[in-house]
Amino acid sequence: MRIACAGGGPAGLYLAVLAAIRSGGRDEVVVLERNEPGRTHGFAVTFGEDLLDDAFRNDPAGGAALRRAARLWSAQEIRVGDHRPAHVGGKYGYSIARVELLDVLARRAEQLGVRIEYGRAVESREEVDADVVVAADGIGSRLRGARAEHFGTTITDGANRYVWLGADRDSDTFVWDFQRTDAGWMWIHLYPSSNGLSTCIAECEPGTWTALGLDAMSGPEAITLIESVFGRTLGGCRIVEPPGGLDAQPWLRFREVRNRTWRDGELVLAGDAAHTTHFGIGSGTVLAMQDSMALADALYGTDGAAGRDVVDLRDGNGRGAALAAYDARRRAQVGPVQDAAHRNMQWFEQAGRQLERADDPVDFAWSLADRRGDMGRIHYQLHRATQVPALRQVRRGLTTARRVRRAVLREASGRSRGPQD
Ligand SMILES: Cc1cc2nc3c(=O)[nH]c(=O)nc-3n(C[C@H](O)[C@H](O)[C@H](O)COP(=O)(O)OP(=O)(O)OC[C@H]3O[C@@H](n4cnc5c(N)ncnc54)[C@H](O)[C@@H]3O)c2cc1C
């Protein structure tokens, strides 16, 4: 079978890795990426233990490479104005610069015999000669766009404006900092990365954005403003422009993409081409890689046995059945996550109003921590207890012990399932 992935982001590269492993090298796998190697947008993305567990289960060597390249952050703080920071207890995660993540995945793919054609923009399905084409060409997917009616694509813009920047700050703490300006509230999502830089996403409501004049400001002017509003948290660190510099209008609105189906014959959507989730829950990359796992499962079976086809993939009907199963199962799994991400986006769209009413930063921090609305009273009590330094230390110790145990178990299970390279 010949598989072509249009787009060499996390979804396309990881599907290529898994197809090469699961087919035992029998299938021909190619990734067509419009950019040159090492060129991408954005800064770092965060992820949790679930992705590492999944990555070790699917490809122990690749999982280990991902873990080595990622940065652990071990605390989360929420700052409001000049109040003392509130702490989110037991919270930790990993982050990795996008450029490094793509490098890890591309190296692993090439090691397994995948051909990556850089500088190759795919404009239509017809120009790709393959049995299965994976449209992993991101949020603005050309392949999806050409068949938008078939896919039932809906694209909804969020209200807030954001800009994805970096900061030359090295820290183990993920910080949300909410500051009042003359024109309303503005906040940053500031988290460490694997390459010594932090990611710094600045966000505000549209009224604040225009009243601050950000709609007419150049990128460097906007950076100066952000540095001055968040000076205390940045502590003298500088804001860094994205690779390639800032566009004339760098402020964006989050675009929520949904599709009624992810399959059109032997073309399937994966990653942001299929669905997007607001960056406030930090899950788009994770979902993109999990799409690839689900697609590999549908094509090759879930037991991970290399070369064991569950359907006859030489036959168009067999491939069609596998892709239909992927479409139905994975879409059903992602739907609730998109709903939660939507609630999270709405929370940020109401943040200014909440901040005006907030008389206790610890309660505001709780509202942020529970923005998906799935935590109970006991978590609230724990959140309050976490504000006490000694109790926070105890909680952090317990979390660290659980994290280390989980890492040991997954690495041991990866070792027992085969060579690491
Ligand atoms: C501000 C912000 C912060 C985020 N933070 C997080 C986070 O913390 N955690 C997280 O999990 N996710 C995060 N995300 C989401 C994450 O970046 C995406 O969900 C993820 O990159 C999706 O992976 P993908 O492979 O589907 O698409 P992409 O990463 O967009 O990759 C698509 C690839 O296709 C290529 N391409 C596009 N068109 C063509 C074409 N016509 N032909 C060939 N190649 C093409 C592109 O060059 C690109 O390399 C964030 C997103 C934003 C905007």
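1. The domain bounds used in this note come from an automatic or database domain assignment. The model itself is predicted, and for its protein chain that assignment gives domain 1, made of 2-34 + 120-156 + 256-349, and domain 2, made of 47-61 + 71-97 + 159-253 + 352-421. Taken over C-alpha atoms, the centres of domain 1 and domain 2 are separated by 28 Å.

2. The contact between the two takes 16 residues from domain 1 and 13 residues from domain 2. On the side of domain 1 that touches domain 2, at least two residues each are supplied by α1, α10 (284-300) and α11 (316-349), and the largest share, six residues, comes from α11. By residue class, that side of domain 1 divides into ten nonpolar, four polar and two charged residues.

3. As for the chain as a whole, the protein chain holds 15 helices and 18 strands, and its C-alpha trace spans about 65 × 50 × 35 Å along the principal axes. The radius of gyration is 22 Å, which agrees with the value near 22 Å that a compact globule of 421 residues would have. Of those 421 residues, 45% count as buried. Where contacts join residues at least 6 apart in sequence, 76% of them join residues at least 24 apart.

4. In what order do the six strands of the open sheet stand? The order is β8-β2-β1-β9-β18-β17, and the pairing is mixed. Because β8 (115-118) and β17 (263-264) stand at the edges with a single partner strand each, one side of each is left without a neighbour in the sheet.

5. Strand β1 (residues 2-6) has four of its five residues buried, and it is therefore largely enclosed by the rest of the structure. β1 pairs in the parallel sense with strand β2 (residues 28-33) over five bridges, and Arg2 stands opposite Glu28 in β2. β1 also pairs in the parallel sense with strand β9 (residues 132-135), here over four bridges, and the bridge partner of Cys5 in β9 is Val134.

6. Strand β2, for its part, pairs with β8 in the parallel sense over four bridges, with Tyr118 in β8 as the bridge partner of Glu33.

7. Leaving aside its neighbours within four places in sequence, Ile96 is in contact with Ala44, Val45, Ala69, Ala70, Arg71, Leu101 and Ser194. Ile96 and Asn195, which are 99 residues apart in sequence, are 7.7 Å apart in space, C-alpha to C-alpha.

Definitions and conventions: Residues numbered from 1 in each chain as written. Predicted model: local features only at pLDDT ≥ 70, side-chain atom pairs only at ≥ 80, totals over all residues. Rg over C-alpha atoms; globule rule 2.2 N^0.38 Å. Buried ≥ 20, exposed ≤ 12 C-beta atoms within 10 Å, placed from the backbone. Contact = placed C-beta atoms within 7 Å. Pairing = 2+ DSSP bridges. Nonpolar A, V, L, I, M, F, W, Y, C, P; charged D, E, K, R; others polar.
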